[in-house]
Each structure stands twice: as structure tokens, then as C-alpha cells.
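The following note sets out points for a colleague who has the model open. Each point may be checked against the coordinates.

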Amino acid sequence: MNKKIESSRVAFDALTGGEKMSRRDALKLMGLTGGAAMMMGAPTSAEAGPSSDKKAKIVIVGGGAGGIMAAARLRRAASNAEITIIAPNDIHLYQPGQVFMAAGLYTLSDIQHKNADFIPEGVKWVKDEVTVFDPDNNKVTTAKNGDIGYDFLVVATGIAYDYERIEGMSADLVGKYGISSVYLNDTVAGTAKGGEATAQWFRDIRKAAEAASEENPIHVICTQPDTPIKCGGAPQKILYLSDDNLRGNGPDGGVDVSKNAKFSFCKKGTKLFGVPEYNKTLVEEVTPMYGNITDKWDHILRKIDPQNKVATFEHHYQTKGEYDEELEEYDMIDHTEMVEMKYDFIHVVPPMKPVDAVANSPLGWQKGSAKGWLECDQYTLQHRRYKNVFGIGDILGIPKGKTGGSARHHGPILTENLISVMEGKEPKAKFDGYTVCPLKTQYGEIMLAEFNYDGVAPSFPVLDPTKPRWIWWAFDLYMLKPMYWYLMMRGLM
Ligand SMILES: Cc1cc2nc3c(=O)[nH]c(=O)nc-3n(C[C@H](O)[C@H](O)[C@H](O)COP(=O)(O)OP(=O)(O)OC[C@H]3O[C@@H](n4cnc5c(N)ncnc54)[C@H](O)[C@@H]3O)c2cc1C
């Protein structure tokens, strides 16, 4: 095992007494670290918030991170409410762990858990999917269990992948023809093909680089689409970790063969990260550290030819036109061209979209760039037109926060506001846009990029958040998963 991974494990073991952490250990460590506040923003416990003993029917749709956290908190806060969760999945996936699967440090069983263990006592579980949302009649239609009515609705359906929007691409191609995609999973079946296929992809790239030379290198492309995506840092996590694996820093070690590979990172825009402080580290420290990565700005993957290993990108750029004397500046002329790039390996991040049942209902934004995503107020998480409807997690059509860490922050806000509305009051609690991206810049180091609507928002400001650190790697690898199972899924943080 490489030195960085090994030393972070040794240091972490010294702190915790071992990586196999029980619920007690997780709680103990929370105490040691000054509580969860240190990790991912200040927690808000449901017990501290308002509660109601009113009778009401609350329906939660979706049993992933957001739906389960909402169920746990609402069960405690609304003692007399009849709460139903409509969720098709027997298995709950810890999706952030798919990146550690790709890195060869987790296996599928590490990220799976029985969903039944998380459904709180006193919450009715309807194992089904919602096909139609009918907010005008306060009901949803399910695939197998007919209509279910509600007084209050919580939408927690997450995000859907849209591989087919790339011509020639489909989820079936992942794991074939040098193509991988860490995101690929099935949240109903509880499988994560993307994690497994990308681990093999890392090994295949290494083998190919060992057989290549500096004069005749292999070419690896990593992409990021022009749609909103969950965990916006994951495309770069795969870029850096697959490259670092060539330097011999992965779990299997080996000599440095990184000179035998060229990487292109293709994305919309001209920044690696939307928050300038984190972007600076990635541009000035992380990318140059590798020396073999070229950023291809405004290159969006539109077509793929798997057999011939050619990817076609829509490339936008501008050139200078006439000088405008009045404005004292040049006119800028927009151009679009299609660019073909040959590759040996490609990591495809799928375009993402709101799940159809929401997008096709009156609940989605009806127009604009957020069309189809749940039309909620970005602060209260209350639907802007249907005041008895709230949202949590990736489905929200708000400017920030498509991460599990954000859903954790949505939980107490949504609970407090739903209780207020139950009590006939105005919703007052405000989501600040908290988003967290533990960006793996190399094996053994993470830049814990935390931000909100106002910019950088570190939970532990004493440590410069723009610096990649082993401590965040150790926490992410060993601590976040038990915290997720034992605390977040129980609405305790
Ligand atoms: C590769 C990868 C890496 C990630 N890394 C991180 C990270 O490092 N940090 C972080 O904070 N987050 C990370 N995330 C993101 C995180 O997993 C999501 O933001 C989080 O799971 C969102 O919770 P959710 O409840 O909105 O959606 P999900 O957890 O996806 O749950 C949605 C659920 O709704 C169900 N559903 C969908 N449609 C219907 C319907 N019509 N009826 C009933 N049920 C339905 C689905 O089956 C699913 O179980 C990562 C995700 C991936 C894939």
C-alpha cells in the first residue's frame, strides 16, 4: 500500500482504535473531534427544533439519503402524524463510496445497507414507485398500490442519469471499449456498476501505460456534462486518482508510468471549480503537480463511437471582432465547432435530469434553466406554488447543493418549516446553500471544499480549507461512512 494511504490509516487508527468502527466508536469519535461540526457544517438536531402534536398525513417519496433523513426527523417532530414513505429500494446505497470503490479501497458490500434498518418505527413503508404527482388533488399515484393521499408531501426522488443524451452512448457500454463512469448505479436494485467498472478501468489504464512510452503515450479523456450533476467534484476525483494511480500511489503501488499517459479534462466553462478560492488550488497546485493533464475548456461530449474510440465534443469559443470606438472594447464573436478526439480510455459523466415523475408533473419548474426540477424556495425548501409540498436532496431546483452533505442540511430546515406550516405559521428556517465536496486531489489527500450561497464556508476554519490534507482523506475513507449509517440516516446529525 502507498505511503500516504498507509500513514493516514495509521494516524486514524491511533485516534480511533481501528478502522472497523461501531456505532459507539462513531459517537465517541464525534466527541473527540468536537462533534460533527468539524466535519460537514454545524448539525441541527431535530429535538432542538419545533414539534407538533397535530394529526396529519405526511407522505415522503424516495428512500435515499434525503427521504430517510426526512423520515427520521419528521417521526420525532410530528408525534401524531401518520407518516408514509414510498420507496422501492430494499438496499440503500452509500453513493459517495462509489469513488472509493473506483480507487480500489471499498467493495460493493461496503456501500450497501438494508433499507429496512433505516425506516423509523412508526413510519409506514410502501415499497413502490410514484408514477404521477397530483398536487392539485393532494395525492400521488403509485405503480402497484394505487393512489395515496396526503396533507403534506416531501419529494426526495433524487436525480436521474441521461447517458442516451450523448449520441452512441448507453449505460450498457460502461465497462466496455475503454469506457467507464463512476456514477452508474441502480438505486432500486442497490447496485453500483460504476464503482466496480471504474476500479477495473484504473487497472486497465495502468497496464496500458506500462506497455506505452513517453514518445507514444496513451490518451485518457475525463468528461463533465453541461447539466447540473450530483457531487460536482466527482469528475475531477476520477481524473486525479486515475492519474495518481499511474504514479504508483494507488493500493497496488508500482513504478511511476505517468509520463506514458496524457489526460484531457473536457468540461463546460473555463473553471475547474465555481468557487474562486478552491479553483485557485486546483489550477495552480493540483493540475501542475501532475504535468500530463490538459484542460479542454468548453468541450461538451455529444457523441461517442465506442468501436473506433472516437469522442466528439461541441466546442464553444470566442474571437475578437471589430473594435467598438464608443464602447472602447472589441466585439466578441461566438463560434461553435464539433471536435473529434481519439482516446484509449474515457470516463463519461452522464448528463443528469430530474426524475420523470417530477419533471412531468406540475411540481417542476415550468420554464427556464431549472425546468423540471422541483420548484422550491431556495431558502425554506417549501414549494413556491403548493405550500404543503417540500423537497429535500438532489431533486431541488435551487442554485446549490446536490450532495449528500447538502441533504443533511436540508433535513432540519425542511422539518422545522413543515412543522411551522402544520401549526399554521410561516416557514422561517433558512437553508444557506451548504454544499460539500471532498475533492480527492491524489491518493491520501482531500481538499474539503465547503461552500454556501455566499462563498467559502469551512466547518473548521482554523484549517485553511483550500489546502488538500491527509486528515480529510482519513475522515472521508474511515469515518464518514459510519457517520452516514449511524447518525445521518437516523436524523441525528
Ligand atoms: C459517484 C458519486 C459520488 C458522490 N460523492 C459524494 C460526496 O463525496 N459527498 C456528498 O455529500 N455527496 C456525494 N454524492 C451525492 C449523494 O450521494 C447525493 O447527493 C445524495 O444521495 C442525494 O440524496 P437524495 O435523497 O436526493 O437522492 P438519492 O440518495 O439518490 O435517493 C433518491 C431515491 O428516490 C428513489 N426514487 C426515484 N424516483 C422515485 C419515484 N418516482 N418514486 C419513489 N422513489 C423514487 C430512488 O430509487 C432513490 O432511492 C455522490 C454521488 C455519487 C453517485
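1. Burial classes. A residue is called buried under 20% relative accessible area, exposed over 50%, and partly exposed in between, with a 1.4 Å probe and protein chains only. Asn308 has a relative accessibility of 47% and therefore counts as partly exposed.

2. Basis of the note. This is a predicted model, in which local features need pLDDT of at least 70, side-chain atom pairs count only at pLDDT 80 or more, and totals for chains, interfaces and linings use all residues. Residues are numbered from 1 along each chain as its sequence is written, and side-chain values use heavy atoms, with hydrogens and water left out.

3. The loop between E15 and E16. Helices (H or I, at least four residues) and strands (E, at least two) are DSSP runs numbered from the N terminus. Asn308 belongs to the loop that joins strand E15 (299-305) to strand E16 (310-324). Its side chain forms a polar contact with the side chain of Asp305, at 2.9 Å. A polar contact is a pair of N or O atoms within 3.5 Å; within protein, one must be able to donate a hydrogen and the other to accept it, and residues adjacent in sequence count only if both atoms are side-chain atoms. Tyr343 is 35 residues from Asn308 in sequence, and their C-alpha atoms are 9.0 Å apart.

4. Positive phi values. Lys309 is also placed in the loop between E15 and E16. Although Lys309 is not a glycine, its phi is positive, at about 55°. With 25% relative accessibility, Lys309 is partly exposed. Glu328, in the loop between E16 and strand E17 (329-342), likewise is a residue other than glycine with a positive phi, near 55°. Glu328 has a relative accessible area of 61% and is therefore exposed.

5. The ligand shell. Which residues come nearest to the ligand? Of the 32 residues around it, these are Gly66, Val130, Asp394, Gly404 and Gly405; a residue is near a molecule if one of its heavy atoms lies within 4 Å of it. By class, the shell comprises twelve nonpolar, 14 polar and six charged residues. Here Ala, Val, Leu, Ile, Met, Phe, Trp, Tyr, Cys and Pro count as nonpolar, Asp, Glu, Lys and Arg as charged, and the others, Gly among them, as polar. Helix H4 (65-77) and helix H10 (404-422) each contribute at least two residues to this shell.

6. Backbone atoms at the ligand. A nitrogen atom of the ligand lies 2.9 Å from a backbone N or O atom of Val130. For Asp394, a backbone N or O atom is 2.8 Å from an oxygen atom of the ligand. Gly405 places a backbone N or O atom 2.8 Å from an oxygen atom of the ligand. The ligand on its own has 1,000 Å² of accessible area, of which the protein covers 95%; such areas come from the Shrake-Rupley method with a 1.4 Å probe, and for residues only the protein chains shown count as cover.

7. Position relative to the domains. Why is the ligand said to lie between domain 1 and domain 2? Both domain 1 (3-88 + 127-158 + 355-438 + 446-490) and domain 2 (163-350) give residues to the shell around the ligand, so the ligand lies between them. The domain bounds come from an automatic or database domain assignment.

8. Aromatic pairs. Rings of Phe, Tyr and Trp (its six-membered ring) pair if their centres lie within 6.5 Å; planes under 30 degrees apart count as stacked, over 60 as edge-to-face and the rest as tilted. This rule gives 17 aromatic pairs. Phe118 and Trp485 have ring centres 5.7 Å apart and planes at 15°, so they are stacked. The pair links distant parts of the chain, 367 residues apart: Phe118 is in the loop between strand E4 (112-114) and strand E5 (123-126), and Trp485 is in helix H11 (residues 470-486). Phe118 is buried at 3% relative accessible area, and Trp485 is buried at 7%. The rings of Trp201 and Phe202, by contrast, have centres 6.2 Å apart and planes at 50°, so that pair is tilted. Both Trp201 and Phe202 are buried. One aromatic cluster is made up of Tyr94, Phe118, Tyr484 and Trp485.
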